Each structure stands twice: as C-alpha cells, then as structure tokens.
Amino acid sequence: MRRITTILAVMGIVAAACGGGGATEETAPGQTTTTTTAAPATTATTAPPATAEPIKLGSVNSLTGQIVFPEASAAAKAVFDRVNAEGGIDGRPIEYLIEDDAADPAGAAQAARRLVEDEGVVAMVGSASLLECAVNGAYYAEQGVYAIQGTGVDPLCFASSNISPVNTGPYLGYTVSLYFASEVLGKDRVCALIFDIPDFRPAMDAAIQQWRDLTGKELHFSNFTLQFTDDVTPFVLQARDAGCEVVVSNGLDVHYIGFMQALQAQGIDDMAWVGLTSGYTADVAETLGSIGAGSGILHVNSEFEPFTLDSPVLDDWRALMTEAGVPLTSFAEGGYLAATIMVDVLRGIDGPITRESVSEALLALEGYEHPMIGSPYSFGDAPAHNPNRASKFLRLEGGEWQLATDDWVVLPTG
Amino acid sequence: MLNTAIASLTSGGAYALLGVGLVLTYRMTGVLNFAHAVVGAFGTYTAIVAFEVGVPYGLAMVAGIVVAASVSAGIGLVMARWFAEATTIVRSTVTIAVFLGVLVVGFRLFGDTPRVVPAILPGVRVEVATVTLTASTLVAVGGVAVLAAAVAWFLAKTRTGIILRAVSERPTTARLLGAPLQTLVVAVWAVSGAVAGAAVAIIAPTRTNDYASLAILILPALAAALLGGFRRVGVTILAGFGIALVELLGARVPAVAQYRTVVPFVVILGALLWMQRKEVWDEAR
C-alpha cells in the first residue's frame, strides 16, 4: 500500500499539469497575428479603389483558446473591404487591424498598446473578446480612444466611458430574458440556473436586481453554482422539484443542448426554458431537432434581428457575409453593425479624420437607428454604455427557430 | 431528492467502471495506470468525430471502444517489453508520461472546445412511481454489474486469472514457469482500455464535455480504487457510486455546492490518512 501512497503523491503534479496546461494547450499568449485589410476586395466596383493614406481602425479579439469569437471582426472586415472597394471614405481606404489576445490579459494589453501607440488607430471597432474591456477600458480612457465593441462579453464592456457595445451582452441580456419570462410568457414561478464564473457574479446579481426593480417580482428558486462541465441533470431536477414554471439560464450554446437533453431524459415537458443569445445558433436547433428535444420548451433571445429568419432587414448582411465566407451568427451581426455605424460616423465627419475628430463624433452620437436593433445605438459621454435594450425571442419548434415575439421586447428604462 | 440520487447512478457507474479498470491493471500487471481515463476519452472523442462525419451512433461508439482498447494494448506492449522488470513506481510513472502524451495528441486532433455527445437512446426511460430511470443509467448500472461479475469470476476461477496474479507478483518466476507473459499483459491492457472507453462513452452524453474534463475522470476513479485498496473490486464499485452521489447531492446544498468538484480529493486524502493510521513513524516515513 505504501507504494500506492507514494505514487498518489505524484498525482497532484499530474492534476496540476492537466488543469493548467491542458486548457490552454494551443493558446500560447503573445502569438498574436495581425491581419491588415488594406488591399481592396475583389468585388465588382463602381468607384476606383481607395488609394490615399489609410484610416487605421483596430480590434482586439479572442481568436484562439477555449472560447473564441472570430466572427465579429471578420464581419467588420467584410464591411470595410466593401467600403474600400467602393472608393473608401473620401478616397481614403480603411486599414482594419485585427489582433488576437488569446483570451490572455497580457495579450490583450499588448494588442491594445500596439494598435493605439504603434499603429495610431483612430478608434477601435468590432472587437469581441473574453476580457478585452476589463484589461483595456482604463487604457482607452487614458489615451482618449473610443471603441464600438462588436461583442461585449466581460462586465466592464458595459461599464466604461470609452466603450459602447452594439450587443446587449450577457447581463442586461439576462435581465431581458427574465423580463420576457415573467412579463411576456406571463409565468409566475421564475427560476434562475447560472453558471458560476467568479468575476461575472456581481454583474449577474445586478442584472437580476434590475429585473426585480422593473417588475417588483422575486426569483422563485435559484442556483448560481453550475460548472461548465457538470452533469446538469441534478440542477434540472432541483428546478422541477422546486416547482419552477420557467427557468432562465446562461451558458454557452452546448449547455442549452445539455439542458434540453436532461429535460428530455427526465421526461419533463411542462417547464419552459429561456436562454441568452449564446443559445441562438443554427447548431443548437439542428442538434436538438435531430434528437427531438427541447421543442416548444427552449426560448432564446436575439439581440439583433434574428438571423435564422428570412427577414428583408438582413438581406445586405446575409449577402455580404456569404460572399466573405463569414458564418451567419449573432456575432457576425454585431461585427457588421459596429462597422456600419463606424463607417457612417466617419462619413459624417467634416474635415480631417483623426483620433480627435472621430472621438468627438462618437461623443456626439445619440439615437442612431438601424433596423437590425430594436433600440437606438448611442455613444455619448455617459460613464457607462449599454444602449441595446431590446431583444426578439425565438422558440424552438421541431428543430427550427420560430419567432416567439413579433415585436421587440424592449426593457423599460428606469 | 430520490431522482437526484438515481441521476447519480450514471456518473457512479462510470466512476465504478473506471475504478475497476484501475484495480484490474494494478492487480494483474502491477501498474497504477494514470492514463486510464485519458485513453477512454481518446476513444470517446474518436467516436464523436466518427459520428459527426456520418457513421451511425452505435457503430461509432463501438469504434471508439476499439480505439481505446488498441491504444491501451499499445501501452501494455510497451510495459511488457521494456518495463517488465521495473518496479511498480517506475511503471506507474511511465503511465503519467503516457497520460500527458495522449492528452496532448488528443488536443491536437480534437481541439479543446466543448462538444455535445448525443444520449444513448434519447427519450428512452423507465418510470417507476416517481422515479425516472434513463437509458444511460440502465446501461451504466448494467455494465458495472456485468463487469464486476466477470472480473470476480475471471480472477478467482480461471487458470489465466491465477497466472495473471502470479505475473503481477513475480513476473520473472511466472515467466520461468512458462506463463506467456507478454500476450497476457497486452490482453489485460486491451480489456482495461475497452472498459475505460465504454465508461467514458456512458458518462459523456450526460454532461458538456471537453477533452480535458473527460481525461480528469481519472480522479474520481482513483479515489474509488483507493477506497477499494486497489484490490477489492466490490468496494471500488460501491465507492464509485458513493462519490458520484456525494457530488450530486452536494449541488443541492448551497454552502458546499461550489466546492463539490473537490470531492474526489477529499476522499483520496481521507483514505490515505485512514490507511496510514496504524503506521509508526519509522515505517511510514
């Protein structure tokens, strides 16, 4: 037995090696890549391609690692490529610099400094990162650089004077989902199952508090301790035993599949489920459709015009993404929207386009309407920005996403 | 509450199967196999990839188990060839190297994004009063019962089983007496790999997986095998079910819910302390 004791001591080392090294096997920080898009796209052009001094825009993205967000910057790049092919902004092409932070704080900090100080970008646009806002928010404020975030993820994306995301994000998005469950679906016993991401907890608490303040209601049951690789069955059973009518959960796309599989395995079909935009993917619908789970139960919010539907609002987006080979997802909508707003801002500037003039234009940007979003985008000089307060909700029906709400569910202010 | 306990049977069955595999290789070939779960994870991921490219579910799972058995047999061959005379500590340390190797190769091949594994017979369940038994629960519990019976019979009643026990105790003597050492060892490793592949395949559909989290199933398996003293198959099985039950029930208690994933470590520490309780300083040092 003593031999085993000795060997088990070694096991700690293995566990450590696995826990630390395993998760980031292919994501050595610092391996950032820079993609410039100065070369015009090969689309048919109506105007000569822009050749004057480029306008530099930057973005910091999590492109390698366990959770990646490649679509937003790819979509933004497609928008800028088209602008360049059509003659740029008053003859000046846009040079769009995409940096990878590998979901590493040091990588994100370096990327921002490279873009802001070495490249001298006039603004940041279309970024989508696990931690970029938390790392760089204060730096942008110090440097006077403003960012139209393509996909705000970490809480500080929605709490910075210099960052205004086009998406609702997982916190206000959670408030909207709770609001949808209690006010639109009209369920009484609203429950919360939440994956435990330590740094995100205060923002989630604030999101739930906001729902309480708006509706005067309380959660019937909640559990904040789910882990990403848990068997979710006990939590689903807990919610059922507590008598929940509807469960509102966060999570990645795969988790919604897991929840629906667990509900199906347990034969629970009288409890509604509401998820965030992360669950709104074609894969989720297809996978659940193929095993016949979640139909009529799973609802997800779409922070933009729902991309799986044949909405004419999305014709241009769909054509451009398809041509550029960008997957049709919510993230691609965010990147497209951020880039489109930026192009309009740049076009609206009289005189030279510099970091100062772009910043000034963004600070004056209020009430920007676009049919892809249900509440106007704004920047302005507020200490924090979360302008997208509207969602459309979809329900899974036989492996297809159907509109659960024709109109936008807009979160009341105040 | 009862349904939560029932739901833990799937994980428990998988822990028990993995634990029994560890006991098997330890008793028969004298190796504490740290690569046990990662080999199973490798097989299961092969099955997932096969399923994704269109291979029917059942066939893909069988292919995964075959891959796990083959990889494990390969490790067994290395053990029999080059480490037959080495001490248990050396051989076990070799499996740590193998563990890391298979882990890294798996990352290269399969990536590290979480994947969804379709359930075994989705929607199939047996309801007894208020208790729901899912297909995966039945497969897990049934698999454990069959394996336990087979191992007990094989070790106690068959000549091969007895020879294997002899091989693990005194390899050279056994070989001098004419035991076909290499073939037997490789066969044991292959069987143990197949069991690991099946265990991981059973547990994979019940949770959102990434490759690393499946490989780390070695921890509850080690805890279970340790409670069984790396000898007693029955105790190992009970321990596997017990650890899963504690983990899942822990999720219901807010005060400990956040810490439930450390259950295997607590079990390992507790077991080690208990086993050392009669050691005197000089010996235990």
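## Two domains in chain A

The centres of domain 1 and domain 2 of chain A, taken over C-alpha atoms, sit 29 Å apart. The domain assignment gives domain 1 as 55-168 + 312-383 and domain 2 as 170-302 + 392-410; such bounds come from an automatic or database domain assignment. Where they touch, domain 1 of chain A puts in 7 residues and domain 2 of chain A puts in 12 residues. Two residues are in contact here if their C-beta atoms, placed from the backbone, lie within 7 Å.

By class, the domain 1 side of that contact has 2 nonpolar, 5 polar and no charged residues. For the classes, Ala, Val, Leu, Ile, Met, Phe, Trp, Tyr, Cys and Pro count as nonpolar, Asp, Glu, Lys and Arg as charged, and the others, Gly among them, as polar.

## A word on the model

This is a predicted model, where local features need pLDDT of at least 70 and side-chain atom pairs count only at pLDDT 80 or more, while totals for chains, interfaces and linings use all residues. Residues are numbered from 1 along each chain as its sequence is written, and chains are lettered from A and ligands numbered from 1 in the order in which they are written.

## Helix H6 of chain A

Helix H6 of chain A (residues 201-215) has 15 residues and reaches 21 Å from its first C-alpha to its last, close to the 21 Å expected at 1.5 Å a residue. That expected span is 1.5 Å times one less than the number of residues. Helices (H or I, at least four residues) and strands (E, at least two) are DSSP runs, numbered from the N terminus.

Buried in H6(A) are A:Ala203, A:Met204, A:Ala207, A:Ile208 and A:Trp211. Seen down the axis, these buried residues fall within an arc of 140 degrees, so they line one face of the helix; the arc is that of the directions from the helix axis to the C-beta atoms. An α-helix has 3.6 residues a turn, so residues three or four places apart point the same way. The buried residues of H6(A) pack against helix H5 (169-184) and strand E5 (190-195) of chain A. On the other side, A:Pro202, A:Gln209 and A:Asp213 are exposed. After the helix comes A:Gly216, with a positive phi near 70 degrees.

The cut-offs: a residue is buried if 20 or more other C-beta atoms lie within 10 Å of its own, exposed if 12 or fewer, and partly exposed in between, with C-beta atoms placed from the backbone.

## A:Ala272 in its strand

A:Ala272 belongs to strand E8 (residues 272-275) of chain A. It is partly exposed, with 18 other C-beta atoms within 10 Å. Leaving aside neighbours within four places in sequence, A:Ala272 is in contact with A:Leu185, A:Lys187, A:Glu245, A:Val246, A:Ile297 and A:His299.

## Chain B and its side of the interface

Chain B has 14 helices and 2 strands, and 51% of its 285 residues are buried. Its radius of gyration, taken over C-alpha atoms, is 19 Å, which agrees with the value near 19 Å for a compact globule of 285 residues; the globule rule is 2.2 Å times the number of residues to the power 0.38.

Between the chains, 51 residues of chain B are in contact with 44 residues of chain A. The largest share of the chain B side, 10 residues, comes from H4(B). By class, that side divides into 27 nonpolar, 17 polar and 7 charged residues. B:Arg108 is in helix H4 of chain B and counts as exposed, with 10 C-beta neighbours inside 10 Å.
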